[in-house]
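Visitor: Could you take me on a close look at the part where the two chains meet? I would like to hear what holds the eye there, one piece after another.

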Number of protein chains: 2
Amino acid sequence: MSDLRAPEHQVAGHRAAPNKLGPLVDGAGLFYKPLQALDRGEQELAFYTAFSAHPDVPPRIRDTFFPRFHGTRLLPTAASPGESHPHLVLDDLLDGLAAPSVTDIKIGACTWPPRAPEPYVTKCLAKDRGSTSVLLGFRVSGVMVSDASGAVWRPDRSELKGTDIPGVRRMLRRYVSSAGGDGGGEDCALAAAVYGGEGGVLAQLRELKAWFEVQTLFHFYSASVLLSYDANAVTAPGGAPRVKLVDFAHVVESEGVIDHNFLGGLCSLIKFIDDIVSSEKAPPVQV
Amino acid sequence: MSDLRAPEHQVAGHRAAPNKLGPLVDGAGLFYKPLQALDRGEQELAFYTAFSAHPDVPPRIRDTFFPRFHGTRLLPTAASPGESHPHLVLDDLLDGLAAPSVTDIKIGACTWPPRAPEPYVTKCLAKDRGSTSVLLGFRVSGVMVSDASGAVWRPDRSELKGTDIPGVRRMLRRYVSSAGGDGGGEDCALAAAVYGGEGGVLAQLRELKAWFEVQTLFHFYSASVLLSYDANAVTAPGGAPRVKLVDFAHVVESEGVIDHNFLGGLCSLIKFIDDIVSSEKAPPVQV
């Protein structure tokens, strides 16, 4: 327990601080996510509980694309000394990555569940229209790029918020470029290794897409795809990039209908990334 | 010219009336659609002009899924005697169908172009949330079912407006049922012939979907899929159901991004119809 600490490589979501709850990791493969306020924590817990045991979820989908759920745990928090708070215990998705490059991509043109309370719909709709969500079907909620030398590029949230479509393209190019520091460019040196190939991001996203074309269990409003890889290992055997879904506080049960909102955004992301890989195969052009 | 008349089998959109503009047909294969007010007519004309000549639109897609565009024509109108009004000249999509069964399905959870004026966004959003669009990714804007005996079932617009997800399922089941009259049921006798099979609705929608997964030319906000077949001919050679896109007054150019909103809705429609076909293959169950 003494090893619990705030994760170094969190790119989106609430962060732990002396007066704020935030996730913790134990350095041994587990991630502790405090249950959120306003019933969101309860909803996320309900999702993990239902999803983990659901007979209609293919084990391959659950194991490949979702963090494993290990129940809940009461933990003391820095936010309220002397008190404890329930946490979801999940796999630490970045465990074992020495030089992690991570991006959190919130999927869907619409991030509000249709039956959500009106003020919440209004707030989300404004964010969806003010970001690339409505235009692109997704938005980048966080990104950090490490390179083999240890240099890191990590734009702050205000920079991400104002990003337009060309800005998202630059970010997803930079995410697979070799120079991680602030002076880094867009050489896309790792595009083929990270995005392309048999175990690459595109192949994994297409497998996920095939499930979303038929699954009528859940609608994943406001969930993200979290991409990660280790710049030191991605070109070696066993270093395949990871593709995981995270953030399920706004998942709702389906009514016999596919999650067309998530699926549309996922298809848009696939085409967007595919265009980056294709442009790198072609002779260099001015972008 | 003397043969121009209001189409008998229009299921959605404005209808011609003594004081209202509406489409006309010539009975020889052409459909005349009056240019709409508020720049919508100009936008639809601009779309047809650009689309018809676009080198990146596969001819097979254009010929299979879109009405052919024959330019514009000034026609006198019953709405304003003595004046003439510009009309789009298009193929009459129901030409040659003796006992037409038709349904107009507006595709997309969102029917407003992202950069539309605020009052229009507000109006559309209310309709999208008040109908099945947000939940289902599409809504039924019109339906009529004819059977071989000449009986016709045609719910009025107020009935369509209040339809929920189970109501849409009933309509799409009834659309392929044999008894067209008001007493008609949901025997789904034509489900395999209309929806299934090699040239059926599902096969055609899947071909359309494959194009939407890659096309970054246009975003088809508020466009519809118009399904039609002839109850007398659908089981005979050459009687394949027709699948066409219509209503392009709110199409906008893409910004290098697929139309994830249309694609998501289309995938939802495919799964929804596929479930109807599958349930008819399985032993009968209570629906």
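Guide: Happy to! A salt bridge here is a side-chain nitrogen of Lys or Arg within 4 Å of a carboxyl oxygen of Asp or Glu. In this predicted model, the side chains of A:Glu118 and B:Arg129 form such a pair, with N to O at 2.9 Å. The count between chain B and chain A is 4 salt bridges, and 10 residue pairs are in polar contact between these chains, both partners at pLDDT 80 or more.

On the side of chain B that touches chain A, helix 3 (118-130), helix 4 (133-136), helix 6 (165-174) and helix 9 (260-281) each supply at least two residues. Helix 9 of chain B gives the most, with 9 residues. Sorted by class, that side of chain B has 16 nonpolar, 9 polar and 9 charged residues.

Now for the extent of the meeting: 34 residues of chain B are in contact with 34 residues of chain A. Together the chains bury about 2,500 Å², with 63% of it on carbon and sulfur atoms.

Finally, the cysteines. There are 0 disulfides over all chains. B:Cys267 is in no disulfide, because the nearest cysteine sulfur, that of A:Cys267, is 5.7 Å away and a disulfide needs sulfur atoms within 2.5 Å. B:Cys267 is also buried, at a relative accessible area of 4%.

Notes
Residues numbered from 1 in each chain as written. Chains lettered and ligands numbered in written order. Predicted model: local features only at pLDDT ≥ 70, side-chain atom pairs only at ≥ 80, totals over all residues. Heavy atoms only, no water. Buried < 20%, exposed > 50% of the residue type's maximum accessible area, 1.4 Å probe, protein only. Contact = heavy atoms within 4.5 Å. Buried area = accessible area lost by both parts, 1.4 Å probe. Polar contact = N/O pair within 3.5 Å; in protein donor to acceptor, adjacent residues only side chain to side chain. Helix = DSSP H or I, 4+ residues; strand = E, 2+ residues; numbered from the N terminus. Nonpolar A, V, L, I, M, F, W, Y, C, P; charged D, E, K, R; others polar.
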